[in-house]
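Please open the model in a viewer and follow the stops below in order. Each stop names a selection and then describes what is found there.

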Amino acid sequence: MGRLRLDKHYGDAILDDGTVVIFYSATLRLGLLALHYASLATIRPCGTRELRQWLRAAPMTHGQAITARCGDIALAWHSRGAATPDVVLHDEPAGALHWQARMPLAEVRITRAGESEATGLGYFETLAIDLWPTRWPIRTLHWGRFTGRHTSLVWIVWEHEQPRQWLFLDGVPACLGHFDLPRSFAFTGAASGTLICGPARTLIAQPVSQRLRLLGPLRYGLPAMIRNLKEEKHMAPARIAFSDGSEDEGYVIFEKIVLA
């Protein structure tokens, strides 16, 4: 088995008009082979969808703002809260999985030539992996984030023989209670409360293999577990009811990934 290294950037935004924007940029190195990929999906409230894909990583800058350019579209995330720590999700002699929510709560600005600037709230994270998928201690992954007017919540739940879970409230580790998405779950930490979700709307529901067709025959060089991933991504209005009686309203984007 050759050396593997995956560097992935994910960002999203729910714009003021209800449009959802989902951004990916990734580089996968398999020995001497390097594959680059970027995509930008736009899902409007009326249900129309636009997916743009490129066989190159998106030009990006990382500073006080994180910026990316996808064709004639420029995106910028401006932080409105603390980042999570750089978390080692799994570590062993053969490699590790590193994750960080760089901007769990961000103001997002999107510009396109000839159009007015669009704004909303969003999220940005990075993932770095140098461990072969057959070694990942995951069978099913649940991930999600809540962005409110003042509050951010991010969770990762692994289903496996040894299940694991992480939760971050405003960038700080917290404890996840009974996990019952897409309805609700409770949490405790610097503050305690319950996340309550409204009716969900499907954003993505397809095998990853369909999006990998862009790679042509190169996709068969990817590990089978990556080619055969099954992903469901949803969004919903949501609110956090804190134990002190206060509330914050916003949206969740959450997903379920099944590894073959």
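Which residues lie nearest the centre of the second largest pocket? Select Ala41, Leu51, Leu203, Ile204 and Gln206, which lie nearest that centre among the 14 lining residues. This is a predicted model, in which local features need pLDDT of at least 70 and side-chain atom pairs count only at pLDDT 80 or more, while totals for chains, interfaces and linings use all residues. Residues are numbered from 1 along each chain as its sequence is written, and side-chain values use heavy atoms, with hydrogens and water left out.

**Pockets**

Grid points are joined across faces, edges and corners, and a volume is the space filled by probe spheres set on the points.

Remain at the second largest pocket, whose volume is about 220 Å³. Colour β2, β3, β4 (49-54) and β18 (201-207), each of which supplies at least two lining residues; strands are DSSP runs of E with at least two residues, numbered from the N terminus. Strand β3 gives the largest share of this lining, five residues. By class, the lining has eight nonpolar, three polar and three charged residues, where Ala, Val, Leu, Ile, Met, Phe, Trp, Tyr, Cys and Pro count as nonpolar, Asp, Glu, Lys and Arg as charged, and the others, Gly among them, as polar.

Next, select Leu15, Arg44, Ile110, Glu115 and Ala118, which lie nearest the centre of the largest pocket in a lining of 15 residues. The volume of the largest pocket is about 280 Å³. Both β3 (33-43) and β9 (95-112) supply at least two residues of its lining, and the largest share, three residues, comes from β9. Six nonpolar, four polar and five charged residues make up this lining.

**Cavities**

The count of cavities of 30 Å³ or more comes to two. For the largest cavity, select Leu6, Lys8, Tyr24, Leu127 and Leu229, which lie nearest its centre among 35 lining residues. Its volume is about 900 Å³, and its lining has 26 nonpolar, three polar and six charged residues.

For the second largest cavity, select Ala38, Trp54, Arg56, Ala57, Ala58, Pro59, Arg69, Cys70 and Gly71, which line it. The volume here is about 30 Å³.

**Nonpolar core**

Select Ile22 and Trp99, which touch the most other members of the largest nonpolar core, a set of 43 residues. Strand β2 (residues 20-30) contributes the largest share of this core, six residues. Such a core is a set of buried Ala, Val, Leu, Ile, Met, Phe, Trp, Tyr and Cys residues joined through side-chain atoms within 4.5 Å; buried means under 20% relative accessible area (1.4 Å probe, protein chains only).

Centre on Trp99 and display its contacts (heavy atoms within 4.5 Å). Beyond four places in sequence, they include Thr84, Tyr123, Leu127 and Phe168.

Move to Thr84, in the loop between β7 and β8 (87-92). Thr84 is buried, with a relative accessible area of 3%. A distance line between the C-alpha atoms of Thr84 and Arg102, 18 residues apart along the chain, gives 6.6 Å.

**Aromatic pairs**

Ten aromatic pairs are counted. Rings of Phe, Tyr and Trp (its six-membered ring) pair if their centres lie within 6.5 Å; planes under 30 degrees apart count as stacked, over 60 as edge-to-face and the rest as tilted.

Select Phe23 and Trp77, a tilted pair at 5.8 Å centre to centre with 45° between the planes. Phe23 lies in strand β2 and Trp77 in strand β7 (residues 73-79), so the pair ties together parts 54 residues apart in sequence. Both Phe23 and Trp77 are buried.

Then select Trp155 and Phe185: their ring centres are 5.0 Å apart and their planes at 75°, so the pair is edge-to-face. Trp155 belongs to strand β12 (residues 152-159) and Phe185 to strand β16 (residues 184-188), so this pair ties together parts 30 residues apart in sequence.

Finish with Tyr10, Tyr24, Tyr123 and Trp143, which form one aromatic cluster.

Note on methods
Buried < 20%, exposed > 50% of the residue type's maximum accessible area, 1.4 Å probe, protein only. Helix = DSSP H or I, 4+ residues; strand = E, 2+ residues; numbered from the N terminus. 1 Å grid on protein atoms, 1.4 Å probe; cavity = no way out; pocket = protein on both sides within 12 Å on 5 of 7 lines; lining within 4 Å.
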